[in-house]
Amino acid sequence: MKTIICKNYEEMSARAAEIVADVMKADPACVLGLATGSTPVGMYKKLIDMNKAGEIDFSKVTTVNLDEYYPIAPDNDQSYRYFMNENLFNHVNIDKTKTYVPDGMAADPDEACAAYEALVKKVGPADIQVLGIGQNGHIGFNEPADALEVATHVTGLTESTIKANARFFASESDVPTKALTMGIGTILSAKKIIILANGAAKAEAVKKMLAGKLDTSCPASMLNLHADVTVICDEAAVI
């Protein structure tokens with residue numbers, strides 16, 4: 001893994017945006033693997049500014065998102081489809097029919113996961129996958145467990161993840177207890193991966209990820225299996 005340590009969140013966001021922009025410039029029809037949560041918001045703002053300045057073009061880009069709550073409607077303001085529209089898609093020249101997020105309202109979630117896995121294989125692999133890291137080391141919604149799933153799947157959310165995400169909902173009881181998420185194998189199929197981390201709360205997870213061991217109690221450690229991973233973090237996230 002390559003590690004880039006930045007002074008603060010602003011610098012971290014700028015460095016991440018530069019790497020994504022370089023991929024877009026090299027291949028205007030690239031596939032971007034995208035993430036939600038508070039961490040990549042700054043990066044998305046930088047990409048929007050670059051698009052408005054004419055530095056990058058989203059018109060031929062395809063995107064695949066890591067995950068989605070289940071069950072949740074796409075127009076729910078806490079859904080990841082809504083998040084992506086508000087934080088990126090509505091502000092750039094992208095074809096929204098080529099932006100993909102798992103179906104949070106699928107009648108059969110297992111079937112929806114199989115279909116999404118097939119979709120990622122069809123349009124991908126992602127030229128670059130953007131990741132955040134949870135305080136417990138999760139990537140996507142691949143939570144710490146004795147065994148980790150390879151492909152896109154339905155997963156239950158741990159108590160710590162529900163508590164961490166409760167700040168975005170009216171109450172903790174409103175947080176969905178399940179999600180549809182790319183599996184570890186799906187994530188690792190990307191040609192290039194960047195993972196962003198900021199703040200002292202992520203420091204322990206970052207330390208475990210960088211320890212060089214494969215540990216299912218820290219799913220992000222599985223990124224050690226990939227040949228092209230860049231960790232971009234602020235000083236507070238490094239122990």
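These legends walk through several close-up views of a predicted model.

**View 1. Tyr69 meets Phe141.**
Start with two aromatic rings, those of Tyr69 and Phe141, which make a tilted pair. Their centres sit 5.7 Å apart, and there are 40° between the planes. Tyr69 belongs to strand 4 (residues 67-70), while Phe141 comes from the loop between strand 6 (128-132) and strand 7 (153-156), so this pair ties together parts that are 72 residues apart in sequence. Both Tyr69 and Phe141 are buried.

**View 2. Tyr80 stacks with Phe141.**
Here's Phe141 again, now with Tyr80, and this aromatic pair is stacked. It's 6.1 Å from centre to centre, with 10° between the planes. That angle falls under 30 degrees, so the pair counts as stacked. Tyr80 lies in helix 3 (residues 80-87) and Phe141 in the loop between strand 6 and strand 7, so the pair ties together parts that are 61 residues apart in sequence. Are these two residues buried or exposed? Tyr80 has a relative accessible area of 11%, so it counts as buried. Phe141 is buried too, at 3% relative accessibility.

How many aromatic pairs does the model have? The count comes to 4.

**View 3. The two faces of strand 7.**
In a regular strand, side chains alternate between the two faces of the sheet. Which residues of strand 7 are on the covered face? They are His153 and Thr155, whereas Val154 and Gly156 make up the uncovered face. Strand 7 also has a partner: it pairs with strand 8 (residues 178-181) in the antiparallel sense, over 4 bridges. Look across from Val154 and you'll find Leu180 of strand 8 standing opposite.

**View 4. Helix 2 packs with helix 3.**
Which residues of helix 2 take part in the contact? Val41, Tyr44 and Ile48 do, and they meet Phe83, Met84 and Asn87 from helix 3. Sorted by class, this contact of helix 2 with helix 3 has 5 nonpolar residues, 1 polar residue and no charged ones.

Technical notes
Residues numbered from 1 in each chain as written. Predicted model: local features only at pLDDT ≥ 70, side-chain atom pairs only at ≥ 80, totals over all residues. Heavy atoms only, no water. Phe/Tyr/Trp six-rings, centres within 6.5 Å; stacked < 30°, edge-to-face > 60°. Buried < 20%, exposed > 50% of the residue type's maximum accessible area, 1.4 Å probe, protein only. Pairing = 2+ DSSP bridges. Contact = heavy atoms within 4.5 Å. Nonpolar A, V, L, I, M, F, W, Y, C, P; charged D, E, K, R; others polar.
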